[in-house]
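Here are my notes on this one, jotted down as numbered points. Have the sequence and the coordinates open while you read.

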Amino acid sequence: MSAASTTFAAQPRRGFRGFYVLMLAPALVLLLGLYVLPLFGVVLISVTEPRPGLGNYELLLTSASVQRALWTTGRIAVLTTLITLILGYIVAYAMRMASEGAQRWMLFCVLFPFWISVLVRSFAWITLLRSEGVLNTALRGTGLIEEPLMLVRNETGVLIGMVHAMLPYAILTLYANMRGIDLRLMTAARGLGAGPVAAFLRVFLPMTRPGILGATVLVFIISLGFYVTPAILGGGRTLMIAEYVALQINETLRWGLGTMLATTLGISVMGIMWLMSRVLDVKRLFGPA
Amino acid sequence: MTQEPAQDHLDALDHFRERTEGRVIDRRGFLAICAAIGMPAGLARLTPAAAQGTNRELVLVNWGGDAVRGMRAHFVEPYIRANPGRRVAIDGTGPSSGRIRLMVQSGRVTWDVMDRNLHTALELGRENILEDIDYAIVDRSKVRPEHANQWGIGNYTYAHVLTYNTRRWGGRVPTTWKDVWDLRGFPGRRAFRRTIDGALEAALMADGVAKESIYPIDMKRALDGHKAIKNQTIYYNAIAEGQAAFRDNEVQLGLLLNTRSWPLKNDTNGVCDYTFNEGIVWVAAWMVPKGAQGGRAIWEFIASTQEPQRQIELLRSNGYGPVNPAASAALPEDLRPLDPGREENYARMLPGGVAWYAEHATNALQQYLDAISS
Amino acid sequence: MAQDGGALRRVLAGLILAFLVLPAFVVFPVSLTPNRYLSLPSGGVSWQHWQTLFTDPVWLSGIRESVLIASLSTALALAAGTACAIGCWRLGSRLTDMVRSAMILPLMIPTIVYALGIYRFYVELDLIGTMLGVILAHAVTGLPYVVLTVTASLANLDPALERAARSLGASVPQTLTRVIVPNIIPGILSGGIFAFIHSWDELIIVIFIGGRELFTLPQLIWDGINENLDPAIAAVASALILFTLAVLLVELGLRRRRQFRAARDT
């Protein structure tokens, strides 16, 4: 822990501290009582079924099937997160710079995907993007392309659908963070002779690091858990880990394997976050400016 | 049968259930405990049901949508009319194996009758989470011998059938699975479901395996078949998705459930059609979770669904084939082409391998998904 | 700011926003299809699916249940999650970092695995088939969204502000409501929207613990998955979009009137 945050943490008087500690209580009670506790017995299944021991965890090293699902999921989640963050940042930044009225309209558009349930959304993408779909028909009509573009029922389709679904999360998280930034700082930087790019890179961007971090974590983790959209838009050839787990729990009754994968996911995401906090120096980000 | 004397024994049982975390104990263990606490086994099993009486509401669980509407109209309502005072509710949220096991293990079983299929009944029965079918009340002779086993009794028949677009190949249409695997002769996109039943058999028939020697399934051969066509194939999860793909001409040939191929033919005014030839025919089955509370009424309800007329009505509304051959024989002209169980249709198809699936479905499904996803 | 590459920024942002609204161009027409399956209308339009939405008791009760469950679970998640994020921010120790990470746990574990656990738990508590049970489960799984977004928006809040407020004699609750919360409203709202949508779309937990007493909107939407997807689900989406549009227009109208008054008064 850095010296700055130690002094800072020690600073609040006893009474104040107690109050803030109390503020953690409701969430902790909810989480421990209604999540961790019920989950505990389930996690135990991973070391008791089909027989006691770490047999299920060995599958991580030995089963090509498990490894492939993990690899597919990781690859798609990383790609989705990258694309989403870049596109989302552009929109969030434009929103921050826009007038109040324009911001409302942009926000309205950003919320669009939320109101369309995942089944309808997938159907809409298929209708728009399939080889005889709206887009391909239009493009061929204008003579821009000869052969239809294969945009769905493959991994391109998976990415389109996932980026679309994840963008609102990224944009809103980034925007919420950018709202807290005083734009006069940019003006001041320009006044001190910084070019527009330098002002953005040196002043604005660093201040949005917590937003980027939050959006990355949110989008990446939600992406890991996606499967309806990938299954439909991927033409049934994309098997994500969340579907893999659901299959073991709901159909093949290999609960040991399913719960092992869930536990592994939980631990490895925690690990990734811990690493990120190391590399990105979260202390400084979350602590006093 | 009075409740009082049994109460202590039940407490003892509850105590045991607690210790075993509600896990259902096997038959021998159960009998041993019953003997230990000095009560007849039948008493412990029946007491809750007897205490509730036959007027307790039965809960029938199926997969929702039209199945709820059809079964309510043609199974539940006639049963209630014939047995005034009884009640049956339909829960359409789906009796997945995971939920059945969870419910039985938790010790609080609220479902009574479940609509699954015969090979699942065999698989879950062996897991000891289903009740034996009470053939003293349910009439085994009203279904084909292959459509009943210890834990499941046929409910209706359905088939995975070759479905195709009639306009795609200038008047020619595919008639066998070999045609579906013939990428040059029948170019176009294929459709298969992301489940193994039907998909594996189709691949083997396409590769020239005779119907009689499909089982036991040669997994490598079947999967090689799918690897050869998977890049031209859409593997759908939901049946509605597969049907929509045909309707929108996104796929031109492949496998679909006969219950949906028929409406598909109507929706497209005959542009899409299907054949029972080389279809794979299955039987949906009633099964009952271990510890179900409905008692005798469960079996009486199941027996009532064996009535030919009710099955014929269900075929008319939902396309579910009558499992009772007497019903198939009595079909009016217009319904005959719809019924997978009718002799002339049944004979052209391959009966799905119940025993093989009960044993191998878990591994085979995983291998199939791995093969099409890689 | 035009010389800041403003034009390029606006064009790019416009394209991305167009991508976001693109599916709506399918969803609106589909809600008017005369067929009973999801499809673009060909040969006439029909309002029957909108009618279903507003008159069919099953759809009405599904919508009512979903609104109720989503609103209450969001309120719970927001209250607990915001308090937790603020507490962690202000205390800022290694321990609170762990608390914050733990709060994200429900997002990492595949829902179906949690559904197994909560089902067993609720059998003991006799909460199966109750709305309370679903609300609590959705609240706890909605927590991560709130904690993450509120944390991100707290990061730019100068702690000096909080110290200043207190040195001026403000109590902790006053500091909270007058200084901290107003500054992180965008984060709280975003978290609330995420938590709401999480519950609104959630299917697996409801199926496992809802029993047949509850039948929410997602259950209705998935109900036709074996036959035909009911175009009423496109009507639901369209109605929601129109509803948010109406809220936006009213809000913009009020704002304009306020600005007009303010301009007149000065």
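This is a predicted model: local features need pLDDT of at least 70, side-chain atom pairs count only at pLDDT 80 or more; totals for chains, interfaces and linings use all residues.

1. Thr157(B) sits in strand E4 of chain B, the stretch covering residues 153-165. Its relative accessible area is 0%, and under 20% is what it takes to be buried, so Thr157(B) is buried. Leaving aside residues up to four places away in sequence, Thr157(B) touches His147(B), Trp282(B), Val283(B), Tyr320(B), Gly321(B), Pro322(B), Val323(B), Asp339(B), Pro340(B) and Gly341(B).

2. Buried or exposed, then, for Arg86(B)? It counts as buried, at 14% relative accessibility.

3. Another pair in chain B is Arg126(B) with Glu359(B), where the closest N and O atoms are 3.8 Å apart. As for accessibility, Arg126(B) is partly exposed at 48%, and Glu359(B) counts as exposed at 57%.

4. Glu333(B) and Arg336(B) also form a salt bridge, their closest N and O atoms being 3.9 Å apart. Here Glu333(B) counts as exposed, with 62% relative accessibility, and Arg336(B) as partly exposed, with 26%. Elsewhere, shared partners join Glu100(A), Arg104(A), Arg179(A), Glu251(C) and Arg255(C) into one salt-bridge network.

5. How much area do chain A and chain C bury between them? About 9500 Å², with 80% of it on carbon and sulfur atoms. In chain A, the residues losing the most area to chain C are Tyr20(A), Tyr35(A) and Trp115(A), which together make up 9% of what that side buries. The contact draws 102 residues from chain A and 100 residues from chain C.

6. What about polar links across that interface? The rule finds two salt bridges between chain A and chain C, and Glu251(C) and Arg104(A) meet through their side chains in a salt bridge of 2.5 Å, N to O. There are seven residue pairs in polar contact between the two chains, counting pairs with both residues at pLDDT 80 or more. On the side of chain A that touches chain C, helix H2 (residues 14-48) of chain A supplies the largest share, 22 residues. By class, that side has 79 nonpolar, 16 polar and seven charged residues.

7. Last, have a look at helix H2 (residues 24-31) of chain C, whose buried residues are Ala24(C), Val26(C), Val27(C), Val30(C) and Ser31(C). Viewed down the axis of H2(C), these fall within an arc of 155°, so they line one face of the helix. What do the buried residues of H2(C) pack against? In chain A, helix H5 (100-115) and helix H6 (118-129); in chain C, helix H1 (6-21), helix H3 (48-55) and helix H14 (232-265).

Conventions:
Residues are numbered from 1 along each chain as its sequence is written. Chains are lettered from A and ligands numbered from 1 in the order in which they are written. Side-chain values use heavy atoms; hydrogens and water are left out. Buried means under 20% relative accessible area, exposed over 50%, partly exposed in between (1.4 Å probe, protein chains only). Helices (H or I, at least four residues) and strands (E, at least two) are DSSP runs, numbered from the N terminus. The arc is that of the directions from the helix axis to the C-beta atoms. Contact means heavy atoms within 4.5 Å. Buried area is the accessible area (1.4 Å probe) that two parts lose on being put together, summed over both. A salt bridge is a side-chain nitrogen of Lys or Arg within 4 Å of a carboxyl oxygen of Asp or Glu. A polar contact is a pair of N or O atoms within 3.5 Å; within protein, one must be able to donate a hydrogen and the other to accept it, and residues adjacent in sequence count only if both atoms are side-chain atoms. Ala, Val, Leu, Ile, Met, Phe, Trp, Tyr, Cys and Pro count as nonpolar, Asp, Glu, Lys and Arg as charged, and the others, Gly among them, as polar.
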